[in-house]
Amino acid sequence: MLVLQRKTGQVIHIGDDVEVVVLSVSGDQVRLGIEAPRAVRVLRGELLGAIEEENRLAASPPSVEGVGAALGALSLRSGAEL
Amino acid sequence: MSARKRRPAASPARGLSLTVQRFGAAETLHVDSEDVITFPAGLIGMESLRRFALLSDPRIDPCRWLQSLDDPDVSFVVVDPRVIDPSYSVDFDQGELVDSSEVLAIMTIHVDPKRSTANLLAPVLVDLAARTGRQVVRHESGYDVRHPIAHEGWEKR
């Protein structure tokens, strides 16, 4: 892993079009500003972890009872909109 | 996901057949070549699964199966997110959403329906014409990875 020491206001460039700037440091909190093209996914690590975990949970086959209850909730929901 | 993995048998030009588990019973599916949807980056956390099929099933209507063709044991229940939240709306980049695109939310089904959720934060975008798909993350949208599908009071009715 590349380790860089930066001061507030200093910048790191990643590739041609990603820029990371250290905005402020306060205790154990660092505020970063990130400039990147829309196509580059910038996400907090824990958010990506949560999506990975949810995909894993969602991939297992549902039970008849679970699907039945879920569909029931959906039909009531859409019915409530009519 | 069981330990036993059977690779789907490919039959050239005619698609592929695979055996999947549905509600505790084995079912054999046939997917035509032209119905294979390629996810070049897989799904988040499942980058190796590239080929899927979007399958209707009257037993789960209005939901559908997003069935992995690389691993028969991986299938998702997906639904138009507007079924969950009629006002569902997230921003898409120009060119990201085309006329032939469908937006789908992956559902996580629990035996306790109060715990069943839909992932409105990271919807799946499928281009039915190009037969490609990908999962996108709309973290600025304010939607949750676990959006409850049951609203308050539905049990009482």
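**Close-up views of a two-chain model**

**View 1. The largest nonpolar core has 46 residues.** Those with the most contacts inside this core are A70(A), V77(B), V78(B), A105(B) and M107(B). The model shown here and in the other views is a predicted one. On chain A, α1 and α2 each supply at least two residues of the core, and on chain B so does each of β2 (15-22), β5 (51-56), β6 (64-68), β7, β8 and β9.

**View 2. The surroundings of A105(B) in the core.** Which residues does A105(B) touch, not counting residues up to four places away in sequence? They are V78(B), V79(B), P81(B), I84(B), A118(B), N119(B), L120(B) and P123(B). One of these, V78(B), is listed together with A105(B) among the residues with the most contacts inside the core.

**View 3. The side of chain A that touches chain B.** In this view, 31 residues of chain A are in contact with 35 residues of chain B. Both α1 and α2 (64-81) of chain A supply at least two residues each of the side that touches chain B. The largest share of that side, 13 residues, comes from α2(A). By type, the residues on the side of chain A that touches chain B are 18 nonpolar, five polar and eight charged.

**View 4. Helix α1 of chain A, residues 45-59.** The end C-alpha atoms of this helix are 21 Å apart, which agrees with the 21 Å that its 15 residues should span at 1.5 Å a residue. Which residues of α1(A) are buried? They are I51(A), E54(A), N55(A), A58(A) and A59(A). These residues lie on the same side of α1(A) because they cover an arc of only 130 degrees around the axis. An α-helix has 3.6 residues a turn, so residues three or four places apart point the same way. On the other side of α1(A), G45(A) and E46(A) are exposed.

**View 5. The hairpin of β9(B) and β10(B).** The two strands pair in the antiparallel sense, over four bridges. D127(B) has T132(B) of β10(B) as its bridge partner. Four residues lie between the strands of the hairpin, and R131(B) takes a positive phi near 60 degrees. Strand β10 of chain B, residues 132-135, has a covered face made up of G133(B) and Q135(B). The uncovered face of β10(B) holds T132(B) and R134(B).

How values were computed:
Residues are numbered from 1 along each chain as its sequence is written. Chains are lettered from A and ligands numbered from 1 in the order in which they are written. This is a predicted model: local features need pLDDT of at least 70, side-chain atom pairs count only at pLDDT 80 or more; totals for chains, interfaces and linings use all residues. The expected span of a helix is 1.5 Å times one less than its number of residues. A residue is buried if 20 or more other C-beta atoms lie within 10 Å of its own, exposed if 12 or fewer, and partly exposed in between; C-beta atoms are placed from the backbone. The arc is that of the directions from the helix axis to the C-beta atoms. Two residues are in contact if their C-beta atoms, placed from the backbone, lie within 7 Å. Ala, Val, Leu, Ile, Met, Phe, Trp, Tyr, Cys and Pro count as nonpolar, Asp, Glu, Lys and Arg as charged, and the others, Gly among them, as polar. A nonpolar core is a set of buried Ala, Val, Leu, Ile, Met, Phe, Trp, Tyr and Cys residues joined through C-beta atoms within 7 Å. Two strands pair if DSSP finds at least two bridges between them.
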